[in-house]
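Subject: Structure handover

Hello,

Here is the structure I promised you. Please open it first, then read my notes below.

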Amino acid sequence: MDPEPHPDLAPLRFLLGTWLGGGEGEYPTIEPFAYGEEMTFEHVGEPFLLYAQRSWSADEGVPLHFERGFLRPGGPGRVELTLAHPLGLSEVAEGSLDGTAFDVESGTVGRTPTGSSVARVRRRYRIEGDVMTYEMDMEMDRVPMSRHLCATLKRVAVP
């Protein structure tokens, strides 16, 4: 028997499920690209959501990126996001929550000695029914904050 969502998750329940779609990527140091993506938000009865993301190239289907982490309520109108990336990064972000929209920005990006030179990340999510749109901007050591990703995903499964 699955546990009920923790009461503190009420403001984030709109995210539960699996989302599938795709988008476009760009950055000053790379060629633009199209990608497919899947995000999953699930609960285990505790006051956080489990988050998993994977993406692949739209033309060849080869894996591009993975993220794993947690989304937590951060108090009234606030949300916290912690992520691990296979690029040798960990990201701690916080931001505002307004209905079914939230914006977060990393306050801390940890890097392993060989990790990517990402310095800061900003994400914006908007959900209307079963459609999620999001944008992500990224700053690297030698590149100022710039648009990196934008995508539209549709909810394909609800827990």
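R123 sits in strand β8, which covers residues 118-128. Strands here are DSSP runs of E with at least two residues, and they are numbered from the N terminus. Before you go on, note that this is a predicted model: local features need pLDDT of at least 70, side-chain atom pairs count only at pLDDT 80 or more, and totals for chains, interfaces and linings use all residues. Residues are numbered from 1 along each chain as its sequence is written, and side-chain values use heavy atoms, with hydrogens and water left out.

Is R123 buried or exposed? R123 is buried, because its relative accessible area is 3%. The cut-offs are these: buried is under 20% relative accessible area, exposed is over 50%, and partly exposed is in between (1.4 Å probe, protein chains only).

What does R123 touch? Neighbours within four places in sequence are left aside; R123 then contacts Y51, E67, L81, L83, H85, E91, F102, D103, V104, E135 and M136. Contact means heavy atoms within 4.5 Å.

The R123 side chain also makes a polar contact with the side chain of Y125, at 3.5 Å. A polar contact is a pair of N or O atoms within 3.5 Å; within protein, one must be able to donate a hydrogen and the other to accept it, and residues adjacent in sequence count only if both atoms are side-chain atoms.

**Salt bridges**

How many salt bridges does a search of the whole structure find? The search gives 16. A salt bridge is a side-chain nitrogen of Lys or Arg within 4 Å of a carboxyl oxygen of Asp or Glu.

R123 takes part in a salt bridge with E67, where the closest N and O atoms are 3.1 Å apart. This pair links distant parts of the chain: E67 is in strand β4 (residues 63-73), R123 is in strand β8, and they are 56 residues apart. Both E67 and R123 are buried.

R123 forms a salt bridge with E91 as well, and here the closest N and O atoms are 3.0 Å apart. E91 lies in strand β6 and R123 in strand β8, so the pair ties together parts that are 32 residues apart in sequence. E91 counts as buried because its relative accessibility is 4%.

Now look at E94 and R78. They form a salt bridge with the closest N and O atoms 3.2 Å apart. E94 is in strand β6 and R78 in strand β5, so this pair ties together parts 16 residues apart in sequence. E94 is partly exposed, at 45% relative accessible area. R78 is partly exposed too, at 32%.

**The barrel**

The 10 strands β1-β2-β3-β4-β5-β6-β7-β8-β9-β10 make a closed barrel with antiparallel pairing. From one strand to the next, the twist averages 25°. Two strands pair if DSSP finds at least two bridges between them. Strands β5 (residues 78-85) and β6 (residues 89-98) run antiparallel and are joined by eight bridges. T82 has V92 in β6 as its bridge partner.

**T18**

T18 is in strand β1, residues 17-27. T18 counts as buried because its relative accessibility is 16%. A polar contact of 3.4 Å joins its side chain to that of T40.

Best wishes

Key. Helix = DSSP H or I, 4+ residues; strand = E, 2+ residues; numbered from the N terminus. Axes fitted to C-alpha atoms, helices over the stretch in contact; angles between N-to-C directions.
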